Amino acid sequence: MKTLFITLLMAFSSMLFAEESIDSLRGSHDLESMSQDATVKKMAKDGDPIERNYVQQPPLIPHSIKGYRVNLNANKCMSCHSWKNYKAAGATKISQTHFEDRDGNALAEVSSRRYFCQQCHVPQANAKPLVGNNFKPLSAISDK
Ligand code: HEC
Ligand code: HEC
């Protein structure tokens, strides 16, 4: 009975919203139509590490990551950033905080919470910001 009620409710609400258009950062479009494609931006050239804006910020990626795969079989990022390989690659070694589970227990491998690096670390492109931002770090823990 409960499932039937929920199904009916869902059917009704989808009928209600069917005509509406959605406003997103990519522009507005009808719910029924495909959204606009994201423009593919050219990634910035490889450079030096980018200064962080606050203490716990995941550092931005200062190099192209075109073609770098992170999936069940392999993690391309780790071929340079792992503790085994970072020296030879001249890369920053992956943070020790990435070897902890959510209860703070130490792990022997990168935590599954940290496996998909690009959830937090992003490459850079010369693009206009989508939204304004006047963030300032706490002065007590910043040298800015
Ligand atoms: C071919 C080797 C290589 C691969 C593969 C690679 N990196 Fe890097 N990465 C580097 C090097 C070299 C640096 C710059 C180190 C320097 O100049 O101090 C760097 C810098 C970074 C930094 C900045 C660190 C800091 O302290 O500011 C981040 C974040 C990063 N990479 C993330 C990634 C992610 C995520 C991937 C996978 C999508 C990846 N890298 C794949 C070599 C690599
Ligand atoms: C859930 C978010 C998240 C994910 C996923 C993640 N990181 Fe990070 N990373 C951070 C944060 C936050 C920091 C800065 C604070 C710290 O060290 O924990 C950081 C720091 C780093 C640093 C700089 C370490 C240093 O000594 O300054 C490197 C290199 C790095 N991460 C690489 C990676 C790689 C490679 C992956 C994928 C295997 C990855 N990270 C996945 C959030 C993340």
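Q: Why is Cys77 called buried?
A: A residue is buried if 20 or more other C-beta atoms, placed from the backbone, lie within 10 Å of its own, exposed if 12 or fewer, and partly exposed in between. Cys77 has 21 C-beta neighbours inside 10 Å and therefore counts as buried. Buried residues make up 3% of the 144 residues in the protein chain.

The model is predicted: local features need pLDDT of at least 70, side-chain atom pairs count only at pLDDT 80 or more, and totals for chains, interfaces and linings use all residues. Residues are numbered from 1 along each chain as its sequence is written, while chains are lettered from A and ligands numbered from 1 in the order in which they are written.

Q: What makes Tyr68, Val70 and Cys117 residues that Cys77 touches?
A: Two residues are in contact if their C-beta atoms, placed from the backbone, lie within 7 Å. Tyr68, Val70 and Cys117 are in contact with Cys77, with residues up to four places away in sequence left out.

Q: Which residues are closest to ligand 1, and what makes a residue part of its shell?
A: A residue belongs if its C-beta atom, placed from the backbone, lies within 6 Å of the molecule. Around ligand 1 there are 20 such residues, the closest being Pro49, Pro59, Cys77, Cys80 and Cys117. Helix α2 (residues 78-81) gives the largest share, three residues; helices (H or I, at least four residues) are DSSP runs, numbered from the N terminus.

Q: Which residues are closest to ligand 2?
A: Ligand 2 is surrounded by 21 residues, and Pro58, Ser95, Thr97, Cys117 and Cys120 are the closest.

How values were computed
Helices (H or I, at least four residues) and strands (E, at least two) are DSSP runs, numbered from the N terminus.
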